[in-house]
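Visitor: I would like to learn how to read a few features of a structure. Could you walk me through them, one at a time?

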Amino acid sequence: MTSQLNPAWQRRAVSSDHLAKISARFLSDGPRPEQTTDGCQVIPFLLDHPDQRWITGELCEVLTQRGQRSLSCELQEGGDGASLEDVQDALLRQGADKQLCLLPANSPATIQACRFDHVVLLVPASLDAVLLAYERIKLLSQQAAPDIGIVMVGPRDQHAAWRYFRKLAVGTLRFLDIPLLNLGFLPQQVMPEHSPANHHRHNYLTRISERLLRSEFYCRCRPGTTTQARLAR
Amino acid sequence: MKLRIKSAPHCDREELRTLLIDAADELAGENSCLLEPKLPWDGHPILLADAEGHPVLVSFDLADSQAALVSGLHATDQLAVALPWVNQVYATLQQRQKAPHLVVVSSEPPPGGEAVLRSGSGAGLTIFSCRVLSVNGDTGILLEPLDGGAPAARAAATTLAHSTQPTVPDVAPPAPRAAETVPSLSDEERAYFQQL
């Protein structure tokens, strides 16, 4: 019997500019681009569940060690939708002399309300979590879809991380025409449950931070509402 | 090409064995390999090794799911006892002495199987329902994992072939997400995310 292309790899619709869209997202080995925007850049994280908050906290520390003055803020969810400009204004008002602000959020509604144009999804390495991530991406795509980066959390190894990422990325590409950026993974053995203080965890977080910076994966300003952002350190 | 699919009227045990061996990747994960097509034990299960070097026992009986489960459990015990010998015989297992997984295949789930999966005590067990189909005159099988009705159990069923290590606690879906509005998925989308 002749082999056929796995349907998972068959695009539902052909898009001529698709290759360019993806190739633009390949990570370059070239020098890191300069940040051209003044003020604090915002990187929203959509958590699978609140216990993942340690990831943004430690990532913030790693970014600071790498010379990027960073802070992790709590975005009060469930309120009126603050725009990115509001968030940045609020950071300035707080005197936060920072270059990067990591904003963990629990709900896609928060990302939509704030109209962030970039978001990092922390996706546990399980089929259920991948399906949930897909549902959330589908929800986000109902408005102007943001650029989406993925960090796989808790796979056994790089191979497993790649397989889960590929499942999600092929699905979003095939059904939603949304490419995903692979920002890296945190393997099972570096989770705090397995090892409270782990040198390897720092290495994996460093790789993620490098990919975030090299791909300039942070939000740009969009016209937003004039409501006041509410941030808490 | 037009596909004509219908239930196959008959599939003998050895033909089903061949089809299951062909479907080893579905049963034991990608990059699995066949160690023994017919073990000389009760029920004559199939012995596979998954990509991580775990032995995977496939016990099957289309007509009698209970017999498939009981034979599989017996074989699992026998294999666990014989692990040092089995590891010497099969280089694929790399002398790791890993505990065997059991995959039970039958047309209907065995009595109590769903409850076992739901309770989480079936961490080393995956149950597949199997339908034999005729596609353009060729015989094929449709395998569907039994999910036990709970996401955690479904995850266990779909990832069984990979590891017996404890799962990361944060894999479990948290309560706050229950309130999220999720978009409806098409049948095609659901089917795509059924398996890794």
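Visitor: Which residue in β7(B) does B:Phe128 stand opposite?

Guide: Happy to start there, with a reminder that this is a predicted model. For a strand pair, look for the residue across from yours: B:Phe128 stands opposite B:Pro145 in β7(B). The two strands involved are β6 (residues 125-135) and β7 (residues 138-145) of chain B, which pair in the antiparallel sense over 8 bridges.

Visitor: How many residues lie between β6(B) and β7(B) in the hairpin?

Guide: A hairpin is read from its turn. Here 2 residues separate β6(B) from β7(B), and B:Asn136 in that turn has a positive phi of about 50 degrees.

Visitor: What pattern does chain B follow along the sequence?

Guide: Go through the elements in order: β-α-α-β-β-β-α-α-β-α-β-β-α-α. That makes 7 helices and 7 strands in chain B. For the fold as a whole, consider sequence separation too: among contacts in chain B between residues at least 6 apart in sequence, 57% join residues at least 24 apart. As for burial, 34% of the 196 residues of chain B count as buried.

Visitor: Now a helix in chain A. Is α5(A) mostly covered or mostly uncovered?

Guide: Mostly covered, with 13 of its 14 residues buried. To check its length, take the span from first C-alpha to last: α5(A) reaches 20 Å, close to the 20 Å expected at 1.5 Å a residue.

Visitor: At what angle do α5(A) and α6(A) pack?

Guide: Read a helix pair by angle, distance and handedness. Helix α5 (residues 127-140) and helix α6 (residues 158-176) of chain A pack at about 30 degrees, with axes 10 Å apart. The crossing is right-handed. Among the residues making the contact are A:Val130, A:Ala133 and A:Ile137 of α5(A), and A:Leu168 and A:Gly171 of α6(A). By type, the contact residues divide into 7 nonpolar, 2 polar and 2 charged.

Key:
Residues numbered from 1 in each chain as written. Chains lettered and ligands numbered in written order. Predicted model: local features only at pLDDT ≥ 70, side-chain atom pairs only at ≥ 80, totals over all residues. Axes fitted to C-alpha atoms, helices over the stretch in contact; angles between N-to-C directions. Helix = DSSP H or I, 4+ residues; strand = E, 2+ residues; numbered from the N terminus. Left-handed = near helix turned anticlockwise from the far one by under 90°. Contact = placed C-beta atoms within 7 Å. Nonpolar A, V, L, I, M, F, W, Y, C, P; charged D, E, K, R; others polar. Pairing = 2+ DSSP bridges. Expected span 1.5 Å × (residues − 1). Buried ≥ 20, exposed ≤ 12 C-beta atoms within 10 Å, placed from the backbone.
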